[in-house]
Amino acid sequence: MWMANTRQLILEFLESKQICTAPEIARAMSMTSANARHHISILVDEGAIVEIGKRRSKGRGRPSILYTLSGHAQQHNLDQLSSALLDELLFGKTPGEVAQVLNSVAERFLDDITFTSSLTQRLYKVILRLNEMHYDARWEARADAPYLIFGFCPYAKILPEHPELCMLDTYLIETLLARPTKQIDKLAKDERGAVYCRFLIGKR
């Protein structure tokens, strides 16, 4: 599941950049060049992306292959499909039933996590797992309670139609930390204009 999620993020990155190389994808996805090339090879074999040329290296290294989305991939409707599936899954459900469904999804994401009693260790595991999902997550210590901050929202394109997905993120954090969690900033912007979401971690 995580492998497929990584390749979807690579497609989204290519959609925004139009053309890029494997090293650029590796840096953007915070992965090794070898791992990036592995995912790129699969996407090429699937016909989702294509090679369109090479970029000369500034040094003596080999030229970097340039990739872009194939015509087929550029016409994908994954956002619309995801939104339609959520509409069908949650249609007619009460707020309590919606919460139960999203909580079950969160637990499915985290079924291989082993827990510890230390909050600091749990925060460390939260950051590792969320960044495997490319949330660009980090945490900040505070005198009263820590903040958990996301620098990327995987659901941004369909969030206006499905704001309940923020609940999924909250349940992910609560399940990992075993602490009540409250979202206090949603797609806010910092002084540099970067978008973020912030969660307050409560006490037991």
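The model is predicted, so to speak of local features requires pLDDT of at least 70 and side-chain atom pairs count only at pLDDT 80 or more, while totals for chains, interfaces and linings use all residues. Residues are numbered from 1 along each chain as its sequence is written, and side-chain values use heavy atoms, with hydrogens and water left out.

Gln183 belongs to strand E6 (residues 181–189); helices (H or I, at least four residues) and strands (E, at least two) are DSSP runs, numbered from the N terminus. At 23% relative accessible area, Gln183 is partly exposed, given that buried means under 20%, exposed over 50% and partly exposed in between (1.4 Å probe, protein chains only). Setting aside neighbours within four places in sequence, Gln183 is in contact (heavy atoms within 4.5 Å) with Cys166, Thr170, Cys197, Arg198 and Phe199. Gln183 and Arg198 are 15 residues apart along the chain, with 5.9 Å between their C-alpha atoms.

Now for the nonpolar cores, meaning sets of buried Ala, Val, Leu, Ile, Met, Phe, Trp, Tyr and Cys residues joined through side-chain atoms within 4.5 Å. The largest has 32 residues, and Leu130, Tyr135, Leu148 and Phe150 have the most contacts inside it. Elements giving two or more residues to this core include helix H7 (119–132), strand E5 (147–150) and strand E7 (195–201). H8 provides the largest share, eight residues. Not counting residues up to four places away in sequence, Leu130 touches Tyr135, Ala137, Leu148, Phe150 and Leu172. A second, separate core of 18 residues includes Leu11, Ile25, Ile49 and Tyr67.

On to the rings: those of Phe, Tyr and Trp (its six-membered ring) pair if their centres lie within 6.5 Å, with planes under 30 degrees apart counted as stacked, over 60 as edge-to-face and the rest as tilted. That rule gives two aromatic pairs. Tyr135 and Phe150 are tilted, with centres 4.6 Å apart and planes at 55°. Tyr135 is in the loop between H7 and strand E4 (137–140) and Phe150 in strand E5, so this pair ties together parts 15 residues apart in sequence. Phe150 and Phe199 also form a tilted pair, at 4.9 Å centre to centre and 50° between the planes.
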